[in-house]
Amino acid sequence: MTAGGSRWHYIVLFARLYYGIHFLVSGLNYAVMGVVPDFSKAGAVGDYMAALSEVGMYQGVKYLEIVLGAMLVLNRFVPLALIFMAAISAVIIYLNLLISPHPRQLFTGIQELILIGFLLLAYGGHYAGFCKRRSAPLWFWDGLRSNDAGAHRP
Amino acid sequence: MKRHVVILLGVVAVTLIAVVLASTTFFERPLRLYDYGTPLLAGVLTFLKLWFDARAAAHRGGAPGEG
């Protein structure tokens, strides 16, 4: 039973669209509507977000969310997008599950955990090459070339 | 086709119920489109894709989601 096989095909598609739209809406809410969540009741998380905003990191992540969300919705470079999304989600999950006491943040943390966890599993086969015990150096472009040579053409 | 619809309907329904219950903490807080709208839209788009695939497969004589 493969992740892209007929039984899982539409479930993976649903999760990809769900997570992609979630990122897209979150980023567009900030970039277009200018919505910034009220972190004043979020305790230590509020201080952390304020510090991120001060150095421009919060804004940068919001614009990155638009790009990553669009990549997932349009099914372009999904494994690459998931790596960046996992980094963003790890921070969100840590803050929302362990630091922020608010129930809404608890929901957000669990939602992120389930979606990124499932998608990383579903697309995890693309990262199998990362798990070699011993690896020789390989330039990125050389890896791309060997990928192209090994790709199955229909 | 029918099996795909039933499985997808179940997954989307369970997800929506879980999102509604968890995001409102069992209706203690107001329901927001921001929370339930995302899985709802993703579900609708997935059903549309399933429908288009089924139509295409009907012409080919295969099953949707294959290949």
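1. A pocket is an open set of grid points with protein on both sides within 12 Å along at least five of seven lines; its lining residues have an atom within 4 Å of a point. The model in question is predicted. Its largest pocket is lined by 33 residues. A:P79, A:L80, A:H126, A:Y127 and A:N147 lie nearest the centre of that pocket.

2. Now the volume and make-up of the largest pocket. The volume is about 1,400 Å³. Three elements of chain A give two or more residues to the lining: α1 (6-31), α4 and α6 (140-150). By class, the lining holds 20 nonpolar, nine polar and four charged residues.

3. What lies nearest the centre of the second largest pocket? The residues there are A:P37, A:F39, A:K62, A:Q105 and A:T108, out of a lining of 37 residues. The space in this second largest pocket comes to about 1,100 Å³.

4. Chain B has a part in the second largest pocket. Its helix α2 (33-60) supplies at least two residues of the lining. The lining divides into 20 nonpolar, nine polar and eight charged residues.

5. Next, the fold of chain A. There are six helices and zero strands. The order along the sequence is α-α-α-α-α-α. Along its principal axes, the C-alpha trace of chain A spans about 55 × 40 × 35 Å.

6. Helix packing comes next. Two packed helices are described by the angle between their axes and the distance between the axes. Take α4(A), residues 78-99, and α5(A), residues 103-122. Their axes are 8 Å apart, at an angle of about 150°. Angles over 145 degrees count as roughly antiparallel, so α4(A) and α5(A) are roughly antiparallel to each other. The crossing of α4(A) past α5(A) is left-handed.

7. Which residues of α4(A) meet α5(A)? They are A:L82, A:M85, A:A86, A:S89, A:I92, A:I93, A:N96 and A:L97. Facing them in α5(A) are A:Q105, A:L106, A:T108, A:G109, A:I110, A:E112, A:L113, A:I116, A:L119 and A:L120. This contact of α4(A) with α5(A) has 12 nonpolar, five polar and one charged residues.

8. Helix α4(A) has another partner in α2(A). The axes of α2(A) and α4(A) come within 10 Å and cross at roughly 155°. That angle makes α2(A) roughly antiparallel to α4(A). On the α2(A) side the contact uses A:A44, A:V45, A:Y48 and A:M49. On the α4(A) side it uses A:V91, A:L95 and A:I99. By class, the contact of α2(A) with α4(A) has seven nonpolar residues, no polar and no charged.

9. Is α2(A) roughly parallel or roughly perpendicular to α3(A)? The two helices pack at an angle of about 85°, with their axes 5 Å apart. Angles of 65 to 115 degrees count as roughly perpendicular, so α2(A) is roughly perpendicular to α3(A). A:M49, A:L52 and A:S53 of α2(A) make the contact with A:M57, A:Y58 and A:Q59 of α3(A). The contact of α2(A) with α3(A) has four nonpolar, two polar and no charged residues.

Technical notes: Residues are numbered from 1 along each chain as its sequence is written. Chains are lettered from A and ligands numbered from 1 in the order in which they are written. This is a predicted model: local features need pLDDT of at least 70, side-chain atom pairs count only at pLDDT 80 or more; totals for chains, interfaces and linings use all residues. Side-chain values use heavy atoms; hydrogens and water are left out. Axes are lines fitted to C-alpha atoms, for helices over the stretch in contact, and angles run from 0 to 180 degrees between N-to-C directions. Helices (H or I, at least four residues) and strands (E, at least two) are DSSP runs, numbered from the N terminus. Angles under 35 degrees count as roughly parallel, over 145 as roughly antiparallel, 65 to 115 as roughly perpendicular and the rest as oblique. A crossing is left-handed if the near helix is turned anticlockwise from the far one by less than a right angle, and right-handed if clockwise. Contact means heavy atoms within 4.5 Å. Ala, Val, Leu, Ile, Met, Phe, Trp, Tyr, Cys and Pro count as nonpolar, Asp, Glu, Lys and Arg as charged, and the others, Gly among them, as polar. On a 1 Å grid over the protein atoms alone, a cavity is a set of points where a 1.4 Å probe fits but cannot get out, and a pocket is an open set with protein on both sides within 12 Å along at least five of seven lines; lining residues have an atom within 4 Å of a point. Grid points are joined across faces, edges and corners, and a volume is the space filled by probe spheres set on the points.
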